[in-house]
Amino acid sequence: MTSVHATLKPGSSLASAWFLVTVALLAAVIYPQFSLNHDASWYITATSMFLDGSRLYEDIIEINPPLAFYLTIPAITVSRALGSNPTTTYFVYVCALCLTSCLWTLKVLNAAALQRIERTTLLLFVTVALFVLPIAEFGQREHLMLAFALPFLLGLILRPATPQIGVSHQIALALFAALGLLLKPHFLVIPASIAIVRLWQERNLRSLLDPGLLALAGITITYVAFVVIVHPAYLVSIVPVARDVYAAYGASAEQVLLKPELFGLVLGIVAARRVVRAFSDPVTQLFASASVGAAAAYLLQFKGWNYHILPLSSFVLLSVAWLCVRRWHVIRRDMIIVSSFTLIALITLGQQIARGPYRSATTEAFKPFVKNNNEKILVLSTNVWAAFPFVNEVSGSWASRFPAQWFIPGAYNRAQSLNCAENSDDCVKMVEIMDYARNAIIEDLNKFKPDLVIVDERDNKSYFKSPNFDYIKFISKDPKIFNFYDCYAKIGDHEGYSVFARNCTNIPFPSSPS
């Protein structure tokens, strides 16, 4: 192990800090020039509704646990106080979180017994992971997880080289990390993977008594209790329905498993084994464990969406960077390894850069139909990206409790495939879910009175197994009770989406449709 005296000079640390501040300022200027991704844009809208009195999981129907809403509150609060655009404020807020993460990473690295080149390389790649890698997914939950958790996770990985981190510092790192790791339960697999490998390395159960791990366990239990007490509707109403219907969302198994980043992980492990004694280094083993844990978190979600792969991409990049700087004297003489690591960089970082900044898929198409600010808009679609960030980019007001109609396709697909004579209970359950979704749309039309309703009328709608599902027929199941056309007239269309404008004073719909 490198001498503990190989520390950074104060001037060098100050230069690193100024570099990080400069990167964050540039990001805060550049990223708001582009669209915010659809999920983060939805959270801006939904959190605003929450702050205005809407109840989570009753007036706002979201599949994810509540932490993402609470983490969005600071951006909305600052936006309202300053009268600034909430999307721009959110971008700046995320840049500030990433800067905090990088500065804290610098502090962790300064405490490690590493050579200067090792510190500098890891800091640079952490900066890339937080400010460049998520170029198309800036502010997504996976990005937020990395921003909150990287200092803590790196502290765990570098623990064999970092005896100087005190107990209070470890606990503080864990508490900050929990704000990211608890966004989704899948993320906890990453520190668990690191802990398992440390247990194997040390052959001693005392490694599980790491203050940071104990603090993380404590805050996890506290958070679960908070959800049970403050947001019981999430566990009672959302989780059971999600278990029944949310499998309809996502890519095919082939698309999930053939993700290039998974190939990059396997290629990295194979290449690393060519490096003599590479895996005899405890830190290398822990970097590998974090990468495997991130891969497991991706596979557990099994959706194949680009932002789900960000943690794996980040840890693969960090692992390769560590291995290159630690074993460069061996790697540089082996062109197979050099070529492999170059390919991994292209797979993980190059692919994300090639995607470019996020751009709204619908704003330019639907914007001509919006005549005024704060128009109430409802988009009937299973795709969050159909409505967001479009609604926020035209300064509209969202007119639904859902970000997208995620209840419908799973229930509809199952109802179509079931033999109800043999599976009557399942059929009844699916019909009840569809009835709730139908009545919720009608109640929201009654409550919000949207000025525009945009309907996905494409033949093959996302996540439906059967073609030609018709939203208007679905909600107008009994025209005597409800007929959409009584209050809305078609004014245009674009690539399979029809746009309807409200043309009545009072909606002739019952307030509580049966």
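Student: Y90 and Y93: buried or exposed?

Tutor: In this predicted model, Y90 and Y93 are both buried. Being 3 residues apart in helix α4 (residues 86-110), they are separated by about one helical turn.

Student: Which parts of the chain does the pair F91 and F138 link?

Tutor: Distant ones: F91 sits in helix α4, and F138 in the loop between α5 (116-131) and α6 (141-157), 47 residues apart. This pair is tilted too, with 6.1 Å between centres and 35 degrees between planes. Both F91 and F138 are buried.

Student: How many aromatic pairs turn up in the whole structure?

Tutor: A search finds 34. There's also an aromatic cluster made of Y246, Y249, F402, W406, F407, Y436 and Y463. And look at F474: the charged end of R438 sits over its ring, 4.4 Å from the centre.

Student: Now the cysteines. How many disulfides are there?

Tutor: A disulfide is a covalent bond between the sulfur atoms of two cysteines. The search of the whole structure finds 1. C487 and C504 form it, with their sulfur atoms 1.5 Å apart. C487 is in the loop between α21 (471-475) and β4 (488-494), while C504 is in the segment after β5 (497-502), 17 residues along. Both are buried.

Student: And what about C98?

Tutor: C98 is in no disulfide, and the nearest cysteine sulfur, that of C95, is 6.4 Å away. C98 is buried, at 0% relative accessible area.

How values were computed:
Residues numbered from 1 in each chain as written. Predicted model: local features only at pLDDT ≥ 70, side-chain atom pairs only at ≥ 80, totals over all residues. Heavy atoms only, no water. Disulfide = S-S within 2.5 Å. Helix = DSSP H or I, 4+ residues; strand = E, 2+ residues; numbered from the N terminus. Buried < 20%, exposed > 50% of the residue type's maximum accessible area, 1.4 Å probe, protein only. Phe/Tyr/Trp six-rings, centres within 6.5 Å; stacked < 30°, edge-to-face > 60°. Lys NZ or Arg CZ within 6 Å of the ring centre and 35° of its normal.
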